[in-house]
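Keep the structure open beside the text.

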Amino acid sequence: MDNVIRIGAVNYLNTKPLIYGLEELAPEAEVVLDVPSRLAQLLKEEQLEVGLIPVVEYFRAGRYSIVPDIAITSHGPVLSVTLFSRVPWRDIRSVALDEGSRTSAALTQVLLRRRYGVDAKMTSLPLAQGAEDIDADAVLLIGDRAMRACLPGFAHAFDLGQEWQDWTGLPFVYAFWAVREGVELESVEQALVEAKRRGCARLGEIAFQEAPRLGLDAGFCRRYLTHIIRFDLGPREQAGLEHFYRLISEEGLAPRGLELEFYNCERVAESR
């Protein structure tokens with residue numbers, strides 16, 4: 001068991017294409033499903049070798065590498081990261097942040113402070129607590145929870161992917177595969193690449209399978225996976241990621257002076 005590669009992933013709809021058939025492709029590995037914040041903690045505690053973690057935790061840790069060209073991103077609306085608010089942006093004074101969030105929580109703070117000039121009080125919204133009766137001006141929800149939510153008592157529903165693009169003109173990167181320092185993935189690296197390839201070729205099938213579990217329309221799930229969420233980490237996505245890092249480091253939400261480091265970068269360079 002000491003040689004088992006433990007892979008941590010989120011059990012959200014938008015991650016399913018990245019872990020499609022992964023247990024079959026990497027039978028020597030163990031797949032652990034949890035919320036983004038918990039995965040980041042497990043990787044930090046060396047209970048995972050590779051995890052699909054929130055990007056902000058990559059910068060906070062400062063000692064992981066990134067599996068190339070695999071990520072969860074959006075180029076505009078994302079639908080699964082929503083700030084529900086009783087008031088307009090500039091009137092927000094308190095926000096309850098989804099306990100499972102890390103990157104989206106940091107994005108919320110950056111948008112409030114840097115785009116709207118607001119310094120709001122941040123509190124946590126536990127995963128088991130309903131958002132409707134929370135005592136805050138706004139509530140951040142992420143993942144499947146955000147897509148199912150309506151919250152009629154909140155006058156506004158701000159899509160943070162759209163907010164980011166409207167402000168910066170760049171894509172936003174939410175999560176990617178981070179590899180713990182000193183870990184050799186060996187065949188698991190190719191399994192992650194192949195899982196993405198297979199999953200992206202079967203988005204309709206994934207949507208059909210997952211929709212009943214989520215209580216969502218299968219057609220909506222397919223449109224979400226096909227037209228909203230993207231899974232590449234190319235030059236434009238990296239530009240958006242680097243811009244986000246500059247902002248969060250300036251706001252004291254991550255340490256300064258870090259750069260993107262890719263796993264097995266020599267092999268990546270040779271293949272280009």
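What volume does the largest cavity have? It has a volume of about 230 Å³. The model is predicted: local features need pLDDT of at least 70, side-chain atom pairs count only at pLDDT 80 or more, and totals for chains, interfaces and linings use all residues. Residues are numbered from 1 along each chain as its sequence is written, and side-chain values use heavy atoms, with hydrogens and water left out.

A search of the whole structure finds one cavity of 30 Å³ or more. The search runs on a 1 Å grid over the protein atoms alone; a cavity is a set of points where a 1.4 Å probe fits but cannot get out, and lining residues have an atom within 4 Å of a point. Points are joined across faces, edges and corners, and the volume is the space filled by probe spheres set on them. The largest cavity is lined by 21 residues, and Tyr12, Pro36, Ile142, Tyr174 and Ala175 are the closest to its centre. Two or more lining residues come from each of β3 (50-54), α4 (103-115) and β10 (172-180). Such elements are DSSP runs numbered from the N terminus: helices are H or I with at least four residues, strands are E with at least two. β3 gives the most, with three residues. By class, the lining holds 13 nonpolar, seven polar and one charged. Here Ala, Val, Leu, Ile, Met, Phe, Trp, Tyr, Cys and Pro count as nonpolar, Asp, Glu, Lys and Arg as charged, and the others, Gly among them, as polar.

β3 and β10 also belong to an open sheet of six strands, in the order β2-β1-β3-β10-β4-β11, with mixed pairing. Strands pair if DSSP finds at least two bridges between them. β2 (29-34) and β11 (229-230) are the edges; each has a single partner strand, so one side of each lacks a neighbour in the sheet. β3 and β10 run antiparallel, joined by five bridges. One partner of proline 54 in this pairing is alanine 175 in β10. Helix α2 lies across β1, β2, β3, β4 and β10, at about 135° to β3. Contact means heavy atoms within 4.5 Å. Axes are lines fitted to C-alpha atoms, for helices over the stretch in contact, and angles run from 0 to 180 degrees between N-to-C directions.

Now the other sheet. It is open, with five strands in the order β7-β6-β8-β5-β9 and mixed pairing. β7 (121-125) and β9 (156-159) stand at the edges with a single partner strand each, so one side of each has no neighbour in the sheet. The twist averages 25° from one strand to the next. β6 (residues 94-98) and β8 (residues 138-142) run parallel, joined by three bridges. Alanine 96 has valine 139 in β8 as its bridge partner. Helix α6 (residues 160-168) lies across β5 (81-85), β8 and β9, at about 60° to β9.

Last, the charged contacts. A salt bridge is a side-chain nitrogen of Lys or Arg within 4 Å of a carboxyl oxygen of Asp or Glu. The count comes to 17. Arginine 6 and glutamate 49 form a salt bridge at 2.7 Å, N to O. This pair links distant parts of the chain, 43 residues apart: arginine 6 sits in β1 (residues 5-10), glutamate 49 in the loop between α2 (36-44) and β3.

Key
1 Å grid on protein atoms, 1.4 Å probe; cavity = no way out; pocket = protein on both sides within 12 Å on 5 of 7 lines; lining within 4 Å.
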